[in-house]
Amino acid sequence: MTHIKSYVIRQARMSDSQRRHLEEHLHKYRLDYRPDDRSLGGILPSACPVVVEIGFGMGDATAELALADPETLFIGIEVHRPGIGKLVRAIEESDIHNIRIIQHDAVEVLRDMVPPDSLDGIHVFFPDPWQKKRHHKRRLLQAGFVHEAAARLKPGGYLYAVTDWEDYAEQILQVCSHEPLLENQADGFHPPLSWRPNTAFERKGLEKDHRIREVFFRKKRP
Ligand SMILES: C[S@@+](CC[C@H](N)C(=O)[O-])C[C@H]1O[C@@H](n2cnc3c(N)ncnc32)[C@H](O)[C@@H]1O
């Protein structure tokens, strides 16, 4: 089934180091998108906690969280090649063992490769805001996708979204509040969680004096 993509592949410049890490080392950490594989490349079901990060950008937060929590397996999903190269470099340099990378549309990865009730957490840090009204349909966090994501969380698992775009923040809060599988862990926006590392797009937002909004919901237990 085709759907409107929440990203465009940018022809961004890649540094020599990013290219080299992509070409020579990504294969060690990579999981391939396979529409008929409901085990996320053999990872699910998993004895250790599994957290998915959608759109990790340059991967700064991914690497930092994985280093801080070696017992959890972090699955980073991204389509931006320079960012993937940068994260692979961080993995190699810091000898990180608990990150896997999928270079594919996260909507399709979750839909096709992740069974219900299997993830401990989903991170969406600074999703593309698609500011123009005619582009709002491209926003990742809409009712349909939030429902699909919530279905894939374990009971008690969390969806953690952060954005610096006020109207998108309101939209995310509203959509999550209307999703029957989810329960807000705050009264409205969540206070900042101290364990979340800063990201590149967060810094850009702060330079524009944007307010950072956090949305943190858990899947209801039966
Ligand atoms: C605005 S950037 C934020 C990057 C990073 N999280 C940060 O905070 O710096 C959003 C990223 O999400 C990625 N992205 C958007 N939709 C995606 C999708 N459906 N699947 C995978 N990656 C996606 C884009 O390629 C982009 O790198």
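Mentor: Please note that this is a predicted model. Let us begin with burial: D112 counts as buried because its relative accessibility is 11%, and buried means under 20%.

Trainee: Where is D112 placed, and which residues does D112 touch?

Mentor: D112 belongs to helix α4, which covers residues 106-113. Leaving aside residues up to four places away in sequence, D112 touches Y33, P35, D37 and R38. The D112 side chain also makes a polar contact of 2.9 Å with the side chain of R111.

Trainee: How is a pair of aromatic rings described?

Mentor: One gives the distance of the centres and the angle of the planes. Here the count comes to 5 aromatic pairs. One of them, Y158 with W195, is edge-to-face, with 6.2 Å centre to centre and 65 degrees between the planes. Y158 lies in strand β5 and W195 in the loop between β6 and α7, so this pair ties together parts 37 residues apart in sequence.

Trainee: Is Y158 buried or exposed?

Mentor: Y158 counts as buried, at 13% relative accessibility, whereas W195 counts as partly exposed at 38%.

Trainee: What is the geometry of the pair Y158 and F216?

Mentor: The ring centres of Y158 and F216 are 5.1 Å apart and the planes are at 25 degrees, so the pair is stacked. It links strand β5 with strand β7, Y158 and F216 being 58 residues apart. F125, Y158, Y160, W195 and F216 form one aromatic cluster.

Trainee: Where does the charged end of R138 sit?

Mentor: It sits over the ring of W130, 4.8 Å from the ring's centre. R139 lies over the face of Y168, 4.5 Å from the ring centre.

Conventions. Residues are numbered from 1 along each chain as its sequence is written. This is a predicted model: local features need pLDDT of at least 70, side-chain atom pairs count only at pLDDT 80 or more; totals for chains, interfaces and linings use all residues. Side-chain values use heavy atoms; hydrogens and water are left out. Helices (H or I, at least four residues) and strands (E, at least two) are DSSP runs, numbered from the N terminus. Buried means under 20% relative accessible area, exposed over 50%, partly exposed in between (1.4 Å probe, protein chains only). A polar contact is a pair of N or O atoms within 3.5 Å; within protein, one must be able to donate a hydrogen and the other to accept it, and residues adjacent in sequence count only if both atoms are side-chain atoms. Contact means heavy atoms within 4.5 Å. Rings of Phe, Tyr and Trp (its six-membered ring) pair if their centres lie within 6.5 Å; planes under 30 degrees apart count as stacked, over 60 as edge-to-face and the rest as tilted. A charge sits over a ring if NZ of Lys or CZ of Arg is within 6 Å of the ring centre and within 35 degrees of the ring normal.
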